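Colleague: Before we go through this together, I would like to ask about the words used to describe it, and about what each of them rests on.

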Amino acid sequence: MVEEKILIVDDQFGIRILLNEVLNKEGYKTFQAANGYEALSLLNEHPDLVLLDMKIPGMDGIEILKRMKKQREDIKVVIMTAYGELDMIQEAKDLGALTHIAKPFDIEDIRQLVKKYLQHTG
């Protein structure tokens, strides 16, 4: 079985650690990035799914998403946002994000979401 890879992009260490732990337990291989530059360099690992926080200092989530899509048009990205960031959510969806999850999120929701978008094919 091929291990599916998930890239976690969030400037908050605690969130990266939490997601990392949960997703590792589910059998995924994870990579973590604290900012846009790290995230873009980790595209070389060919993640199957990216969990991308929108509020990142420096290069924000929209800019990261644009650059990711330039490098890999088919990349699957789920954005993580605080409540009420509707313009940003819409812009991200227009740019090709699959969906969004509101922070603070429920770990079970993340599990279900990842399963939904990474259904083992074959």
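**Reading the terms from the model**

Modeller: From strand S3, Leu49, Leu51 and Asp53 point one way while Val50 and Leu52 point the other way, and all of them are buried. Please keep in mind that this is a predicted model.

Colleague: What makes S3 a strand that is largely enclosed by the rest of the structure?

Modeller: A residue counts as buried when its relative accessible area is under 20%. In S3, 5 of the 5 residues are buried, and therefore the strand is described as largely enclosed by the rest of the structure. S4 is mostly covered as well, with 5 of its 6 residues buried.

Colleague: How do you know that S3 is paired with S4, and which way do they run?

Modeller: Two strands pair if at least two bridges are found between them. S3 and S4 are joined by 4 bridges and run parallel, so by that definition they are a pair. Among the partners, Asp53 is bridged to Met80 in S4, and Leu52 stands opposite Ile79 in S4. On the S1 side, 4 bridges join S1 to S3, again in parallel, and Ile8 has Leu51 in S3 as its bridge partner. S4 is also joined to S5, by 5 bridges and in parallel, with Val78 standing opposite Thr99 in S5.

Colleague: Why is Tyr117 called buried?

Modeller: Tyr117, which is found in helix H5, has a relative accessibility of 17%. The cut-off for buried is under 20%, and Tyr117 at 17% therefore counts as buried. Leaving aside its neighbours within four places in sequence, Tyr117 is in contact with Leu49, Lys76, Val78, Leu98 and Thr99.

Colleague: What makes the span of helix H1 close to the expected one?

Modeller: The expected span is 1.5 Å times one less than the number of residues. H1, residues 13–25, has 13 residues and reaches 18 Å from its first C-alpha to its last, close to the expected 18 Å. In H1, Ile15, Arg16, Leu19, Asn20, Val22 and Leu23 are buried, and the buried residues of this helix pack against elements that include S1, S3 and helix H5. After H1 comes Gly27, whose phi is positive, near 95°.

Colleague: Where does Arg72 lie, and which backbone oxygen does its side chain reach?

Modeller: Arg72 lies in the loop between helix H3 and S4, and its side chain reaches the backbone oxygen of Pro47 at 3.1 Å. A polar contact requires a pair of N or O atoms within 3.5 Å.

Technical notes: Residues numbered from 1 in each chain as written. Predicted model: local features only at pLDDT ≥ 70, side-chain atom pairs only at ≥ 80, totals over all residues. Heavy atoms only, no water. Helix = DSSP H or I, 4+ residues; strand = E, 2+ residues; numbered from the N terminus. Buried < 20%, exposed > 50% of the residue type's maximum accessible area, 1.4 Å probe, protein only. Contact = heavy atoms within 4.5 Å. Polar contact = N/O pair within 3.5 Å; in protein donor to acceptor, adjacent residues only side chain to side chain.
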